[in-house]
Amino acid sequence: MIDKYIKLGKLNKHSAIGDAVINIYRILLVILIAFVVLGVAAVFYNYSLDVRNVEAEILARNVINCMTSKEYFDLDGFMKQDKQILDYCGIRNTERLYASVIIVTPEYSTNPSYVPNPDYQPNKGLQLMKTFEQGDSGILWVKEVLFRAELMQSTGSSSQDVDILKKYEPGFFSEFYPVIIMYSGKKIKAEVNINVVIGNEL
Amino acid sequence: MKNKKASNTLYQVVMQIILIALIFALFFFSATSKVNSKGTKQQVLEKQTALFIDAAASNTTLAISKINKYGKVSNLKVEAGRVFIFIGDQETSRGYPYFTKYQISLESDNDYYYIKIRDKK
């Protein structure tokens, strides 16, 4: 009789352990479902504003304002000092910024074109004078790939969907500005092409 | 014996219900904050303010109303090269960086936050 009760006691202990295991499984399942639904809600309601193109334009204007703060841009003075172009203009938090400044002479052109690469070859009649750049030029390759993909799509030589790449596109701005530069003691009418690329803020 | 077993079962069921209710309460609170889109409004304000700071000339003051169309701005910080704005009861913010060369300082009164942009001395 006593043996029977001892056996029952052991059985009850085992069933209690089994119940605990099933309860843990149920709780974990509820947590998993809650996280999945929360994740879907987070993705669905999440919205990211991209203002990097505007930032790029503002940065380009800041740089050209810096270069033309006096009557002319002192290229001789800039070449003598150690700072790069964004540091020279006092721009901070340059980790996600890239800027290239290309000075060409002697004609003034009103035809801005997309220049993804600092190894820019100027139009006929213009002479490449100096090029400065600062920042991580690596983010330019995404812009270049997107530019070439769009070109191929517009000419019909590629059927690949360019929109897939659009989410990786950095902020970009490019413009030509007329400027007077002091070079070798002489004031020269020149043209400056500023290209700015802005990466993600993280 | 039966009563003890029944009370144990009831105890387990009640504990499970409480735990599941706690988990779902946490889930609903976090989902509610997403649906209210406070995060998006915070993002809009931070990026707008950062762009204004970047584009502003020296000796400019930006006044941001504490009560505006995006909600009640409970706190605004400008530190480490980033703008942080908190709406309502928000406590966390990633902020948005600015790159202006000018010195930035922050003041506030009952109705506005003032971001002052001055030349570096």
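User: How many helices and strands are there in chain A?
Analyst: Chain A has 6 helices and 5 strands; these are DSSP runs numbered from the N terminus, with helices being H or I of at least four residues and strands E of at least two. Before we go on: this is a predicted model, where local features need pLDDT of at least 70 and side-chain atom pairs count only at pLDDT 80 or more, while totals for chains, interfaces and linings use all residues. Residues are numbered from 1 along each chain as its sequence is written, chains are lettered from A and ligands numbered from 1 in the order written, and side-chain values use heavy atoms, leaving out hydrogens and water.

User: What order do the elements of chain A run in?
Analyst: Starting at the N terminus, chain A goes α-α-β-α-α-β-β-α-α-β-β.

User: And how much of chain A is buried?
Analyst: Of its 202 residues, 36% are buried. Buried is under 20% relative accessible area, exposed is over 50%, and partly exposed is in between (1.4 Å probe, protein chains only).

User: Which residues have the most contacts inside the largest nonpolar core?
Analyst: Those are L59(A), V101(A), I103(A) and I194(A), in a core of 53 residues. A core here is a set of buried Ala, Val, Leu, Ile, Met, Phe, Trp, Tyr and Cys residues joined through side-chain atoms within 4.5 Å. Helix α2 (residues 52-67) of chain A gives the largest share, 8 residues.

User: OK, new topic. How many residues does each chain bring to the contact between them?
Analyst: Chain A brings 31 residues and chain B brings 31. About 2,900 Å² is buried between the two chains, with carbon and sulfur atoms giving 62%. That's the accessible area (1.4 Å probe) the two parts lose on being put together, summed over both.

User: Which residue does E55(A) pair with?
Analyst: E55(A) meets R96(A), at 2.4 Å from N to O. The pair links distant parts of the chain, 41 residues apart: E55(A) sits in helix α2, and R96(A) in the loop between α4 (85-88) and β2 (97-105).

User: Are those two buried or exposed?
Analyst: E55(A) counts as buried because its relative accessibility is 0%, and R96(A) is buried as well, at 11%.

User: What about R52(A), which residue does that one meet?
Analyst: R52(A) makes a salt bridge with D50(A), 2.8 Å from N to O. R52(A) is buried at 7% relative accessible area, whereas D50(A) is exposed at 53%.

User: And in chain B, what does K116(B) bridge to?
Analyst: K116(B) bridges to E107(B), with the closest N and O atoms 3.1 Å apart. K116(B) is partly exposed at 22%, and E107(B) is partly exposed at 41%.

Technical notes. Contact = heavy atoms within 4.5 Å. Salt bridge = Lys/Arg side-chain N within 4 Å of Asp/Glu carboxyl O.
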